[in-house]
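Here is my note on the two-chain structure you sent over. Have it open beside you as you go through the points.

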2 protein chains.
Amino acid sequence: MENFEYVNPTRIIFGRGTENNAGEHTARYSKKILLHYGSQFVKKSGLLDRITASLEKAGVEYVELGGVKPNPRLSLVYEGIKLCRDHDLGFILAVGGGSTIDSAKAIAMGAVFDGDVWDFFLNKAVPQDALPLGTILTIPAAGSEASTGTVITNEEGDFKRAVNSELIYPRFSILNPEIAFSLPKFQTACGATDILAHLMERYFTNTANVAFVDRLLEATMKNIIQMAPKVLADPNDYDSWAEFMWSGTIAHNNLLNTGRIGDWASHDIEHEISGIYDVTHGAGLAVVFPAWMKYTLRQDLNRFVQWAVRVWNVELDVFAPEATAREGIKRMEAFFHSLGLGTRLKDIDVDDSRLQEMAEKCTDGNTRTVGNFVLLDQKAIYEILLLAV
Amino acid sequence: MENFEYVNPTRIIFGRGTENNAGEHTARYSKKILLHYGSQFVKKSGLLDRITASLEKAGVEYVELGGVKPNPRLSLVYEGIKLCRDHDLGFILAVGGGSTIDSAKAIAMGAVFDGDVWDFFLNKAVPQDALPLGTILTIPAAGSEASTGTVITNEEGDFKRAVNSELIYPRFSILNPEIAFSLPKFQTACGATDILAHLMERYFTNTANVAFVDRLLEATMKNIIQMAPKVLADPNDYDSWAEFMWSGTIAHNNLLNTGRIGDWASHDIEHEISGIYDVTHGAGLAVVFPAWMKYTLRQDLNRFVQWAVRVWNVELDVFAPEATAREGIKRMEAFFHSLGLGTRLKDIDVDDSRLQEMAEKCTDGNTRTVGNFVLLDQKAIYEILLLAV
């Protein structure tokens, strides 16, 4: 196990009707806030009305900024920063999924910074302060509701970059599983895949002696594998949504990477695909992960065997460990199929014409490697993409 | 799943040599602190010297208060409160196990309170503020290093009472597994049992639809069952101690009771035993738990079967679920024996002469019930104690 520091101060407020207390929780931080959201669903469903009613009851004034899109844009972040400054706002309440929360986090850092917030994403500056923020989660997937991360896209040049900072841990996150009832099935499937991917990126590590967190990761994977089909079969199944939602937060709140170094190559590769093609993150991950696994299997066969046996209930064939591991990958692919997702590039309308280009971009022209479990150069990424054809 | 709120802001600083940064972490809160500890081990081992060197390097002045004993005493808490006030101390650094940390928490609440700190333990007052505190853990067992709880004994009348408050979450806890190398084997065994007990108190619940946290609890139990024999066999096994120590914190940091109502009857019953006899908490729990389980088994046989199969690897006999569950209890008893602990009252030098008295005290003369999984009255507790004879 590696030495580590772990802290997560986000207060989780979980359960039925909890969004109706948003005002009370917000008022502890500021009486003048930015109310940030994305989709029309938030408005049409009546969710925003319930939240503004709660804010008004608590005497909290709010300035609205909607319009966050998937892969949240820097231009909207700039708009939010300007609103915070012009109106002297002291808190940001994000209502949405990962994109809205990530946008809010970037605004929070930018609003109290004299320079350009994009400099944080370019590693030209390190955030020293941020406005406090809170979230009301509508899509269990990205885990941003209790994480240190934000990923923003700069439209000028299509750069997608991340910042990690303890300063942007939300002060609170309100999780009501009922809000997930109306998610489209495709989005639910992509959310389940994203959560599973967060767990697998952490699971496949070269750090030795990480048995305890291995077990926690396996427990969380098994939960998502159990609950995703249930909420797809019955979108009003509160109890299964509750298990799904809570595990999505735990999957990415930094607890499950304590003492170990995760991989994250599959996320990097997927970002190249969705940078060129219009692909939902989770759908892209369902394609990349099986290919990445087939390529990296022999790096640490024991780890893949443990994963296959414990997570996918494959019977261990001690005389054929590789077959045992491959059976795990097959079951993962079958799971993605059962969610309605494909596991090959053609399933997400990506042909083989630009694979070299993606491999090159992903490694900055073969000047850097990607991932930690196996260090992947341009050629390796090209081969992984070929395995996904 | 029940609605819940969960927050845990304690920063965990984990790994080799981390106690040497105690000064730097402390200086963020105050330059004048109370240094609180218990056993002579802390002094003799050189640990205290390393810590005071680090404090001095960071420009932190300290007032020492040693002498914390197991079942920490109110009189020492009063002493600590007086020191904090007389010297205008702004932080408490606790170096020790659960007793020292609990004592520090009580001092932290009392130092900023005009009335008598014991009133918090009698529910006559609710803490509104506390000095910040940090810990350097020497014994993985009680979980107090990242919990909201403190248990203090008032020597006048031998009252043992608890307070829970978010205000006494440590600001940081330094966990270096190397510090556990020199623990006596008996204390290691009792620590493992205490951790397992914290997990089982949470596991045995009547709350439905708690599958995710069930799995996390099972994962943590399996880890302790795997690691305890290893550190007993080789007390210098850093890697196994690391898994042991980290899981001991997670077992009791409130994450694993999210959305469910725990039981805690076994803890209450054990407190009555150790209130009369000189019994170490963990050794008492190894006696009470098997008896409690035999008594409560039929409350929810499925839950016991799940526990036996998943935690103790019992093969499920679908035609004989009760036999499956009982096999789990048998394996737990065998585990305690393998740690060198007994599972009957006679093994901890308790005879059957005062069982009725303990059952009566535990229920305040049969005016209240104990536990949540099964509500136990005086007669029930007496029967459980009989099962432990």
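1. Let me begin with a helix pair in chain A. Asp268(A), Ile269(A), Glu272(A), Ile273(A) and Ile276(A) of H10(A) meet Met358(A), Lys361(A) and Cys362(A) of H14(A). Contact here means that the C-beta atoms of two residues, placed from the backbone, lie within 7 Å. By class, this contact has five nonpolar, no polar and three charged residues. Nonpolar covers Ala, Val, Leu, Ile, Met, Phe, Trp, Tyr, Cys and Pro; charged covers Asp, Glu, Lys and Arg; the others, Gly among them, count as polar.

2. A word on what you are looking at. This is a predicted model, in which local features need pLDDT of at least 70 and side-chain atom pairs count only at pLDDT 80 or more, while totals for chains, interfaces and linings use all residues. Residues are numbered from 1 along each chain as its sequence is written, and chains are lettered from A and ligands numbered from 1 in the order in which they are written. Helices (H or I, at least four residues) and strands (E, at least two) are DSSP runs, numbered from the N terminus.

3. Back to that helix pair. Two packed helices are described by the angle between their axes and the distance between the axes. Helix H10 (residues 265–276) and helix H14 (residues 355–362) of chain A pack at about 125°, with their axes 9 Å apart. Axes are lines fitted to C-alpha atoms, for helices over the stretch in contact, and angles run from 0 to 180 degrees between N-to-C directions. H10(A) is therefore oblique to H14(A); angles under 35 degrees count as roughly parallel, over 145 as roughly antiparallel, 65 to 115 as roughly perpendicular and the rest as oblique.

4. The axes of H10(B) (residues 265–276) and H14(B) (residues 355–362) come within 9 Å and cross at roughly 125°, and H10(B) passes H14(B) in a right-handed crossing. The residues in this contact are Asp268(B), Ile269(B), Glu272(B), Ile273(B) and Ile276(B) from H10(B), with Met358(B), Lys361(B) and Cys362(B) from H14(B).

5. Another pair in chain A is worth a look. The axes of helix H7 (residues 185–203) and helix H11 (residues 281–296) of chain A come within 7 Å and cross at roughly 50°, so H7(A) and H11(A) are oblique to each other. H7(A) passes H11(A) in a left-handed crossing. Among the residues making the contact are Ala189(A), Gly191(A) and Ala197(A) of H7(A), and Gly282(A), Ala286(A) and Phe289(A) of H11(A). The contact of H7(A) with H11(A) divides into eight nonpolar, four polar and one charged.

6. How do the two chains meet? In all, 32 residues of chain A are in contact with 32 residues of chain B. Strand S1 (4–14), helix H8 (211–233) and helix H9 (238–250) are the elements giving two or more residues to chain A's side. S1(A) gives the most, with 10 residues. That side of chain A divides into 14 nonpolar, 10 polar and eight charged residues.

7. S1(A) and S1(B) pair in the antiparallel sense over seven bridges; strands pair if DSSP finds at least two bridges between them. Asn8(A) stands opposite Asn8(B), and the bridge partner of Phe4(A) is Phe14(B).

8. Four bridges join S1(A) to S8(A) (residues 172–175) in parallel, with Phe14(A) opposite Leu175(A). S5(A) (residues 133–137) and S8(A) also pair in the parallel sense over four bridges, and Thr135(A) stands opposite Ser173(A).

9. Finally, the symmetry. Chain A can be laid on chain B with an RMSD of 0.0 Å by a turn of 180° and a shift of 0.0 Å along the axis, which means a two-fold axis relates them. Copies are superposed by least squares on the C-alpha atoms of residues with pLDDT of at least 70 in both. In chain A, the C-alpha nearest the axis is that of Pro9(A), 2.1 Å from it.

Technical notes: Left-handed = near helix turned anticlockwise from the far one by under 90°.
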